[in-house]
2 protein chains.
Amino acid sequence: MKLNLILTGLALAACSTITMAQQENPDTAVFRRIRNAEMNSSQIPQIAHYLTDVSGPRLTNSPGYKRAADWAVATMKKWGLANTTLEPWGEFGKQWEINDFSISMTAPYSAQLRAYPVPWSANTNGMQRGSVVILTPQQSIDTTYLAGHAAEFKGKILLITGGPYNGEGNFKPTATRLADTSLANLKDSYLVSRKEIEGAFNYMAMFRKIDLILKKAGVLTLISGGRRNVNGTVFVQSQYGHKITDPETIPQVDISLEDAQKIKRLIASGQKVEIAINLQGTTSTSDTKGYNVIGEIPGTDPKLKAEVVMLGGHLDSWSGATGATDNAAGCIVMLEAARLLDSLGIKPKRTIRIALWGGEEQGLYGSYNYVKNHFIDAPTFTPKPEQGKVSAYFNLDNGTGKIRGIYAQGNTAAAAIFKEWFKPFHDLGATTVTMSNTGSTDHQSFDWAGIPGFQFVQDELDYETRTHHSNLDDYDHLSMPDLKQAAIIVASFVYQTSMRPTMLPRKPLKKEIFVFDGL
Amino acid sequence: MKLNLILTGLALAACSTITMAQQENPDTAVFRRIRNAEMNSSQIPQIAHYLTDVSGPRLTNSPGYKRAADWAVATMKKWGLANTTLEPWGEFGKQWEINDFSISMTAPYSAQLRAYPVPWSANTNGMQRGSVVILTPQQSIDTTYLAGHAAEFKGKILLITGGPYNGEGNFKPTATRLADTSLANLKDSYLVSRKEIEGAFNYMAMFRKIDLILKKAGVLTLISGGRRNVNGTVFVQSQYGHKITDPETIPQVDISLEDAQKIKRLIASGQKVEIAINLQGTTSTSDTKGYNVIGEIPGTDPKLKAEVVMLGGHLDSWSGATGATDNAAGCIVMLEAARLLDSLGIKPKRTIRIALWGGEEQGLYGSYNYVKNHFIDAPTFTPKPEQGKVSAYFNLDNGTGKIRGIYAQGNTAAAAIFKEWFKPFHDLGATTVTMSNTGSTDHQSFDWAGIPGFQFVQDELDYETRTHHSNLDDYDHLSMPDLKQAAIIVASFVYQTSMRPTMLPRKPLKKEIFVFDGL
């Protein structure tokens, strides 16, 4: 899930012009078949293994992403899905992966450092050793300060760290589930205003400037020790660097708070600290296109099979780990839901289409471009014929926690329908239909295009505290029981959407600039 | 604090033959001076910085231990303490420190591994690459199995890991404080029976055998991925290897559960996993003696100054981090208490002696040998004259949590006294005198020798869950407010012990074999 760079959702107003076309009668017999199949012959651990362990980090366009995407296409084909393909969505930028990395403190004594290369970082010139200069977070974004001190940075390693921080025990659990009171009061979440996004992009532009200053100054490496990088968790993501037009950055690394603060204190008490670093990645521009993974279960009703129900999640991850909860989890659930529906031979009336997106972490690129390619002409904001044929898009991208409800995104009529559909799953803890909006992930692309796009409400578990964009986001942090529950519900909702006499009700289309356009 | 290799404490029976010699009237005016001084001009952060950040890991006899010990001696001298010295206690064994270490997965793709060298590990022969063979925990201790499969291990990296483990969210806080009900029901803790210790030593002997089998088989490195090494915490300690008579081990590494399980799953699904490792430490036998740090505030009463009150904690640590909570914390508190008492010029009647022990983690060596050198002739179990002159020994070694009480170790008469002494500190949360015993640390050496030896009850914070013997045991996991509280209480108890008309009451001396003798 992308955070902090996302458009405010569409209008919250209820869609009073649309009413429920029929009484909802979910096919609970099929729901039970789905549930039994998942509980008795789940493939979730295997799918998880291939998307995380076997693929490795799935940074957009990286070899790891390609491994995962190729595996997904081949596996869906093996299951018997139709039209399985890697579909290019447009220009993304540079491929990057790390080949060799080591970092340690070499003076005043030898010590390991918990640190990770920033994606799309430049390489060091082989193994480099340098003494360390500390920058406060404020200094690190003050171009005047940096330009004025450039002479002191030559051949140095710069370490950004704030503090001092107070060592405090961890008296709160890192994992939580939503209490009933929380479910009853779900607010808008992960929404960022256009203005905030512009601010973030201005920051990126500033980072580019800073990078040029530091490169010119002859800095060896820039290391960041953020305050959340504590207790063994290090968050690793880049601000920029993937675009063909992005100049090469200086070598960049994210480090644990404990290490950063130790080095800061050592320097403050007069010790000379030296770090040795060797960062060797491969950057390639042999294929700069971005790709989504697509597969279908064709509809069987002659009148309705041209209509489509979509389900998906983003396949790309950051590079500090194998992106298990962000967002292999969502892809695992969607693949398993597709597999279940296919394997049960339930013959959907409408076509079911799964999409695993690339480029989400850099700006919802995969889904937004898919929507532009298929559903709406962006410059004129004119819907294409396909736009009228998509009943709904269901997304999952809030970690490994089970489904507790759904964000109706202000779609009152759809909300009433979902309330009925959740009834058979109350015993699994999924009860809540909130009118609130949520953002920062791919259903927003559909919402923007006037297609009902929904993200499920999930239990948090350790998502925000430990795994989201961190070095710990590996397979063992997946909760298999939670993912199974989610697959059951997603498969059932998708099935029901495919069988319903009419498509799901829509909100009125509202012309709006999409979040990243023109930035 | 040493765990799992410790003798059962002395008899639990109350000491009915000894009664309180006088009404206890703690000098609350001095207690208040101590408290004000600590709250207004604490040196704890500085002491902590030098013992952790500046010294580095303080593995017994390592250069890091020497740096910390030398700093402590010099600093106590600077403060004005008397008889500050590094006192050898006998033969310990090899000095070892790590100079260069890197490890990564190189196939099926390049990935960092969270792993740490086991102390006293042999070096690899430069950078080594090998494919991985998985051993279950059971196989790893089955000498018949290992000998039978030796041919398959040549040039391989062996990885011990169990599981599969279920990824579960972390719904319990890792840090806790003792609730009133817990304080009211403190049980014996950290006590291990002689039989259990013998079992542990038999394990060590077995590990030596296994090591020989694996060395002969040509194993490159042995990697252990224990089930507690999860969520960014990796526990790092050795079973043996420091003794001059210990043969050189094979290269050994501790790894995170997430990495270990990933590799195990990759191999299970048919991937060939290769690891590259370079482990270069320095082992030296230039000085095989062990050392304790000693300093004194001389008593001022002509009749009582030959009597001694001791306070201490162990200075040595494991090597995965800088041993902040195990047990820089205890040393910081004891040094600060000594500094406070000295700086306040309170003229103790009895001599106050601080001791920072070496070799605790390998078997309470520093304190036990100190006790044998000064207080008791072990072969005959005959007390030496000095034994009768030590009023008490106060120890701190349960992490960074504040003091909540004291273990009276079955000394009823002392318990009654401590109850009075705690009264001025009830507002700081220190209230409890338990008759229970605690073990696994240096007060046991004194207890064994018939000298009242006490360990304080402390809040747990993240000790057992995160920092104790782990890669996270660094400065930022110290709770400064807790350490200040502890320094106030320790200084006050030590002061009161030094001023009391008579020495603290004793339990009867009971002849017993000390835990590690003959093992």
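How much area is buried between chain B and chain A, and what share of it do carbon and sulfur atoms give? In this predicted model, the area buried between the two chains is about 4,300 Å², with carbon and sulfur atoms giving 49%. Buried area here is the accessible area (1.4 Å probe) that two parts lose on being put together, summed over both. The contact set comprises 55 residues of chain B and 55 residues of chain A, contact meaning heavy atoms within 4.5 Å. Of the interface residues of chain B, 100% are also interface residues in chain A, so the copies meet through the same surface.

Chain B is superposed on chain A by a rotation of 180 degrees with 0.0 Å of shift along its axis, at an RMSD of 0.0 Å. The two copies are thus related as by a two-fold rotation axis. The superposition is by least squares on the C-alpha atoms of residues with pLDDT of at least 70 in both copies.

Four salt bridges were found across the interface of chain B and chain A, a salt bridge being a side-chain nitrogen of Lys or Arg within 4 Å of a carboxyl oxygen of Asp or Glu. Arg265(A) forms a salt bridge with Asp53(B), with 2.5 Å between the closest N and O atoms. Asp53(B) is also touched by Lys262(A), whose other contacts beyond four places in sequence are Met105(A), Tyr109(A), Ala111(A) and Thr322(B). Lys262(A) is found in helix α8 (residues 257–268) of chain A; helices (H or I, at least four residues) and strands (E, at least two) are DSSP runs, numbered from the N terminus. With a relative accessible area of 4%, Lys262(A) is buried (under 20% relative accessible area; 1.4 Å probe, protein chains only).

In the UniProt record, an unreviewed entry, the annotation "domain: Peptidase M28" covers residues 292–493 of chain A; such annotations may be inferred rather than shown by experiment. This span is 33% helix and 22% strand, and its end C-alpha atoms lie 23 Å apart.

The predictor gives the complex an ipTM of 0.94 and a pTM of 0.94. The mean pLDDT of chain A (the predictor's confidence in each residue, from 0 to 100) is 93, and 95% of its residues reach 70 or more. Over residues 4–21 of chain A, pLDDT stays under 50, and the model has 65 contacts beyond four places in sequence for this segment.

Residues are numbered from 1 along each chain as its sequence is written, and chains are lettered from A and ligands numbered from 1 in the order in which they are written. Local features need pLDDT of at least 70, side-chain atom pairs count only at pLDDT 80 or more, and totals for chains, interfaces and linings use all residues, while side-chain values use heavy atoms, with hydrogens and water left out.

Conventions:
Buried < 20%, exposed > 50% of the residue type's maximum accessible area, 1.4 Å probe, protein only.
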